Amino acid sequence: MGSGGQRRRLEYWWIALCFSLLLCFKQQISAQVRYSISEEVKVGSLVGNIAKDLGLEINALEDRRFRIVSGSEEALFQVNQNNGILYVHKRIDREELCDGNTACIVNIKTVVEDPLEVHYVAVEITDVNDHSPSFPEKKQRVEIAETTQPGARFQLQAARDPDVSVNSVRSYKLSQNEHFDLEIRDRGDEKNPFLLLRRPLDRENQAEHSLILTAIDGGSPPKSGVLNITVTVLDINDNRPVFSQEVYTVHLQENVPADTIVMKVNATDIDEGLNGEVRYSLGNNLNSKVNNTFVLDSVSGEIRVKDNIDFENVEVYRLDVFASDKGTPPMTVDCRVIVKILDVNDNTPEIEITSLSNVIPEDSKPGTVISLISVSDKDSGANGKVVCTLSSNVPFELKPSVQHNMYSLVSKTFLDREAMSHYEITIIATDLGQPHLTSFKTLTIQVSDVNDNSPEFIQNPLELYLMENNAPGASVFSVTAFDKDLNDNALISYHLIRGDGRQNDIASFLNINSETGVIHALKMFDFETVKTFQFHVLASDSGSPSLSSNVTVNVFILDQNDNVPVILYPVSANGSAEGVEEIPRNVNAGHLVTKVRAYDADIGYNGWLLFSLQEVSEHSLFGLDRYTGQIRTLRSFTETDEAQHKLLILVKDNGNVSLSATATVIVKVVEPKEAFAASDVKNAVKDEEENDVTFYLIITLGSVSVLFVISIIVLIVMQCSKSTDYSSKYLQDTNYDGTLCHSIQYRSGDKRYMLVGPRMSIGSTIAPGSNRNTLVIPDRRRRDSGEVRAL
């Protein structure tokens, strides 16, 4: 096995050692795998099984998105996700990829997810002998004076072969002749041929000599190229120019402007005239990069910059400079100029982001890895060292990785989408050169929603004012809740929280639209039955798990004027609002004849009753208090006044659309004795309105007896005092003005009423806008008043 086999064994041993050391680090970045493949292999050729060499499960490669994430746009290699094999994707030409004799390495970065791993693969491209040696020119003319002594040497063009190592130029061969030999001189990494004069020349014998120089590489089989050499024998020029140095070394910063002087070479010739006049030129064996970068002044020997100089492309330039005199024949010497390029911080850092996903749930724990970030700088030394930071005020941080210039972007704290739904993260990469160069890259991260907010009502509790007599089935109210979350997590449905379903559960007569929150009443509400009630609405979102909250709705039923005034007195035996009152003829003005009693189930203005006389036979005899319903005499009776008067009283409320009822009172004017008897009978009848006919007969008989006794008493009283006020029998409570008292029960037919409310005097008024029977009583009159509101 040759030196090539031993070299490969050393490489394999080195790769295995690196792989075993890197396995010790349990990080997100795995060890580097190294392969070797020859150039010019067929497309599709196998390079290596990455999955097997890295210990990855082949069945999971596709699910874990095993892929190559770095390389040029036209990738030389691709990986098969089904079996993990790395194969050649494009024709490989080592000479296009790499320049020089150093190892040609193509670095590939691969990524697998769940968990995230980054692996580096190095593929060495080995050389094959696919190029023949070639000379810059097909022909070369060499002029030699005939007096030149044996041992003189003349530089020939050096052949160039893009191949490297053994496949590059290994030897030269000169065609058979009797005057010249070939001398090979090693100058670092290249071999330069020289034509060595072995025997003196005789121009008169032979003016020109034709030679063939053959360059042979070390391939198997070897390839070759030829140069046709024409040697012209000249007359004598016996002194050669001499350079001040055989090797010139100069340092030059990159990016210097064009026409900058690099240096000046100097050669002297002690001859006189044209034989001592020196001209400078660059060697023909220089590569195109040198010729395109520098230019040599043939007269002054100044070397100037011709084109842009970039340290990242070439670090060292080697120039061969020739000095020739103008003698016949000219004499030439050479020197080597080495130009070392100094790095300038002219490359900004490069940022590469390998992102798993730009969406992160808001409930992610601190330390969650979002993406991998790699930075690089083409400069060298401190100019190529990069420090990576993040923009301020973001809940993320960069954690350096084991791999140089690799970072993990991780969350630093818990996130809240409702506070911030996305982040614009600026990654700042700054090198350590002077001055610093900085590059920026922005990464947008969306925070996805998690159901962590319950629906909320703007106000709790809510108050609903609803008019009674509403239309069943119509909407009466709408509740709205809002949720700070998104999509299904913020999709709200509404439900009523019902009671046990018993009859007094008012919420059972309500229905709610689960999507809109609109509440419908399934029944007509009656203020006189229910004045207020309460129910609850539950709002639930559609998240998983669902979150909910409830709101209390207090409902207040508003009164409408839907109840007609009810006449409580007078009420006759047959249920009609008609009564008969008897008064003595000798009563004075202001005598209380009777009081019309009525109530209204409504409240406020709707239940405030006013009394008015509609029909009366004698307008000057009786007056009606419009607020209390009291009927009083306006003057004393005369002999000409009729004995019977019919009064028609209208009782109406104060609603917007007033409702009313009428009552008829027949007033009979009798002589005083008859009045006493009639009064007793009437009082007895009022005490028991619901007795049957037999009971009334008994009462009548008892009344007759009582009347007899009373008549005797009255006659005695009349004899004793003629000024006795007979109205006292009818005014049992001098402070009572005839209206309904608070908390007094009355019966009318089969119905029983309880009357409650404050009393109101004749001069009282109800406060405007009141729904609570508030009375404003003037200071000028402070008498007990009657009932205006009944429940």
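**Phe396 and Tyr423 in a predicted model: both residues are buried.** Buried denotes under 20% relative accessible area, exposed over 50%, and partly exposed the range in between, with a 1.4 Å probe and protein chains only. The structure is a predicted model, in which local features require pLDDT of at least 70 and side-chain atom pairs count only at pLDDT 80 or more, while totals for chains, interfaces and linings use all residues. Residues are numbered from 1 along each chain as its sequence is written, and side-chain values use heavy atoms, with hydrogens and water left out.

**Aromatic pairs, of which the structure holds ten.** Phe243 and Tyr280 make a tilted pair, with 6.3 Å from centre to centre and 45 degrees between the planes. Rings of Phe, Tyr and Trp (its six-membered ring) are paired if their centres lie within 6.5 Å; planes under 30 degrees apart are called stacked, over 60 edge-to-face, and the rest tilted. This pair links distant parts of the chain, since Phe243 belongs to strand S15 (residues 242-243) and Tyr280 to strand S19 (residues 278-282), 37 residues apart. Both Phe243 and Tyr280 are buried. The pair of Phe396 and Tyr423 is edge-to-face, because the ring centres are 5.4 Å apart and the planes stand at 85 degrees. Here too distant parts of the chain are linked: Phe396 is in strand S28 (residues 396-400) and Tyr423 in strand S30 (residues 422-431), 27 residues apart. Strands are DSSP runs of E with at least two residues and helices are runs of H or I with at least four, numbered from the N terminus. A further view shows Phe525, Phe533 and Phe535, which form one aromatic cluster.

**Charged residues over aromatic rings: Arg153 at Phe194 and Lys531 at Phe527.** The charged end of Arg153 is placed 5.1 Å from the centre of the Phe194 ring. Lys531 lies over the face of Phe527, 4.7 Å from the ring centre. A charge is taken to sit over a ring if NZ of Lys or CZ of Arg is within 6 Å of the ring centre and within 35 degrees of the ring normal.

**Thr232 in strand S14 (residues 224-234).** With a relative accessibility of 14%, Thr232 counts as buried. Leaving aside residues up to four places away in sequence, Thr232 touches Arg141, Val142, Glu143, Ile144, Ala207 and Glu208; contact means heavy atoms within 4.5 Å. Ala207 is 25 residues from Thr232 along the chain, yet their C-alpha atoms are separated by 5.9 Å. The side chains of Thr232 and Arg141 are joined by a polar contact of 2.8 Å. A polar contact is a pair of N or O atoms within 3.5 Å; within protein, one must be able to donate a hydrogen and the other to accept it, and residues adjacent in sequence count only if both atoms are side-chain atoms.

**Val47 in strand S2 (residues 46-49).** Val47 is buried, its relative accessible area being 11%. Residues up to four places away in sequence aside, Val47 touches Tyr35, Ile37, Phe77, Leu86, Tyr87, Val88 and Val123. Ile85 stands 38 residues from Val47 in sequence and 7.4 Å in space, C-alpha to C-alpha.

**Glu113 in the loop between strand S6 (105-112) and strand S7 (117-126).** A relative accessible area of 9% makes Glu113 buried. The side chain of Glu113 is joined to that of Arg67 by a polar contact of 3.1 Å.

Asn255, although not a glycine, has a positive phi of about 65 degrees.

**Confidence along the protein chain, with a mean pLDDT of 79.** The pLDDT is the predictor's confidence in each residue, from 0 to 100. Confidence is lowest in strand S53 (residues 775-776), at a mean of 30, and highest in strand S21 (residues 302-305), at 94. Residues 1-5 have pLDDT below 50, and beyond near neighbours in sequence this stretch has two contacts in the model. Where pLDDT is low, the predicted coordinates should not be read in detail.
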